[in-house]
Amino acid sequence: MSELDEKIPNNVHLSQDPKLRRALEKWQPNFIEWWMDMGPEGFQTDEIYLRTAVSVEPDGWAHFDYTRMPEYRWGIFLAPSAGDRRIGFGDLEGQPAWQSVPGEFRTQLRRLIVTQGDTEPASVEQQRRLGKTAPSVYDLRNLFQVNVEEGRHLWAMVYLLHSYFGRDGREEAEGLLERRSGSPDKPRLLGAFNVPCDDWLNFYMFTMFTDRDGKFQLSALSESGFDPLSRTCRFMLTEEAFHMSVGDTGVGRIVERTAQLLRDGKKDVRREGAIDLPTIQKYLNFWFSISLDLFGGEVSTNAAQFFAAGLKGRHKEENYADHKALDGVYPMDLMENGKLTRSEVPLRNAMNEVLRDAYVEDCQKGVDRWNRILAQHELSDRLSLPDRRFNRQIGAFAGGRFDPSGGMISEESWQSEADAWLPTAADRAYLASLMKPVYQPGKIANWIAPPPSGVKGKPFDFEYVRKA
Ligand SMILES: [Fe+2]
Ligand SMILES: [Fe+2]
């Protein structure tokens, strides 16, 4: 089934489609050029202990070995076709899923794919300097694992563009290599993907909260009536789980280290060269709030159209009884004349909020895990998610000011309090001062606890990165 030894490993019978193969082989050198320019800085000639997707079988899809990153086998893998799959929601519920792009939804589908695709290279760009300050070779390897897989996700989206969208698809595929995270002229499409991610607390918060947005977007797209998109996203989700675990356990290990110090009576954690809980909370507030923006406005006609057309569903659509969502309403507080006012939004127009609900619930579980670490150390401090109105740039609450518990506050209060809620320049400078690389296997930076175990049965002190 899989064409593993091909120049572009794949399970989509690329060898039987010479035109598509030529187009992708033309894109490939541009991708490598982008990777060398904008991928991890340094380490490109080192051998990294990486997993590579080699099939889509649930047990055995990944192969672990030393690889130089530019030689990583970025492949195109779609989850198996489900036979006569039907559209699971919206106006066309029950009709056969599409194997090609329906003309009337072409523009919307392309936009969904390009928006998703753009986040993949963006995150690699945001993380490109982190290797220089890795707290351990174990973490260094995990960073690169995330990076190469985001590269593969880009490949997956480019495959869809090339395969199903003709000339404008090819142009969009070029565009994905041309935009740059944080660039004033050619920024990436979404806000959180233009924000610097230049210390490791940022990195773990990013993989915890922003990759988790990715999980829910992919989940909603895996419901799509456009079957190739659904199958692509379903397989990407298997890799995405690891990215989130890097963030979840990374923050957990920082909390663990800080909790050890606090339990030992070292109240001034910074003096010990570790990260104090208020700073962790501020970074959490920042990444959670800008990741909430990625779900879009609370009330959205786009979201309603995507749902009606069967392009983008809900997380685990099969768990809902009614897949048309024509009658329901979603009650929510919205801003009206500068005041929070209870409103009833037609359910289809509230689909962004429905997906955001599932995301918030998932994030809360992660925070609960971190709080269990604090409790195990007999500390009464707790971390918490800020209210979803806090620090929003997009949607109903973007115009107002809200404190972390969601209360509306004046601009003056915001100005005087914001430094207690979001990372300040001084916090970032403190984090930067901690970022000193530790490249000796088995050793780890002082501000983070080691993981309980290594990668794929290997110990923590395994040589995950071999110098060239
Ligand atoms: Fe991704
Ligand atoms: Fe990811």
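How much space lies in the largest cavity? About 100 Å³ of space lies there, and the count comes to one cavity of 30 Å³ or more. This is a predicted model, in which local features need pLDDT of at least 70 and side-chain atom pairs count only at pLDDT 80 or more, while totals for chains, interfaces and linings use all residues. Residues are numbered from 1 along each chain as its sequence is written, chains are lettered from A and ligands numbered from 1 in the order in which they are written, and side-chain values use heavy atoms, with hydrogens and water left out.

**The cavity**
- On a 1 Å grid over the protein atoms alone, a cavity is a set of points where a 1.4 Å probe fits but cannot get out, and lining residues have an atom within 4 Å of a point.
- The largest cavity is lined by A220, A303, F306, F307, K312, G313, R314, M351, N352, V354 and L355, and the elements giving two or more residues to this lining are α8 (301-308) and α9 (351-376), helices being DSSP runs (H or I, at least four residues) numbered from the N terminus.
- The largest share of the lining, four residues, comes from α9.
- Seven residues of the lining are nonpolar, two polar and two charged, where Ala, Val, Leu, Ile, Met, Phe, Trp, Tyr, Cys and Pro count as nonpolar, Asp, Glu, Lys and Arg as charged, and the others, Gly among them, as polar.

**The pockets**
- A pocket is an open set of points with protein on both sides within 12 Å along at least five of seven lines, and a volume is the space filled by probe spheres set on the points.
- The largest pocket holds about 660 Å³ of space, and of the 36 residues that line this pocket the closest to its centre are T115, L190, Q217, L294 and K312.
- Its largest share of lining, eight residues, comes from α5, and by class the lining has 15 nonpolar, 13 polar and eight charged residues.
- The second largest pocket holds about 360 Å³ and is lined by 14 residues, of which K19, R22, A23, H162 and R170 lie nearest its centre.
- Helix α1 gives the most to that lining, with seven residues, and the lining divides into three nonpolar, four polar and seven charged residues.

**Helix packing**
- Helix α2 (residues 106-126) and helix α3 (residues 137-164) pack with their axes, lines fitted to C-alpha atoms over the stretch in contact, 8 Å apart and at an angle of about 155°.
- That angle makes α2 roughly antiparallel to α3, a term for angles over 145 degrees.

Terms used
Axes are lines fitted to C-alpha atoms, for helices over the stretch in contact, and angles run from 0 to 180 degrees between N-to-C directions. Angles under 35 degrees count as roughly parallel, over 145 as roughly antiparallel, 65 to 115 as roughly perpendicular and the rest as oblique.
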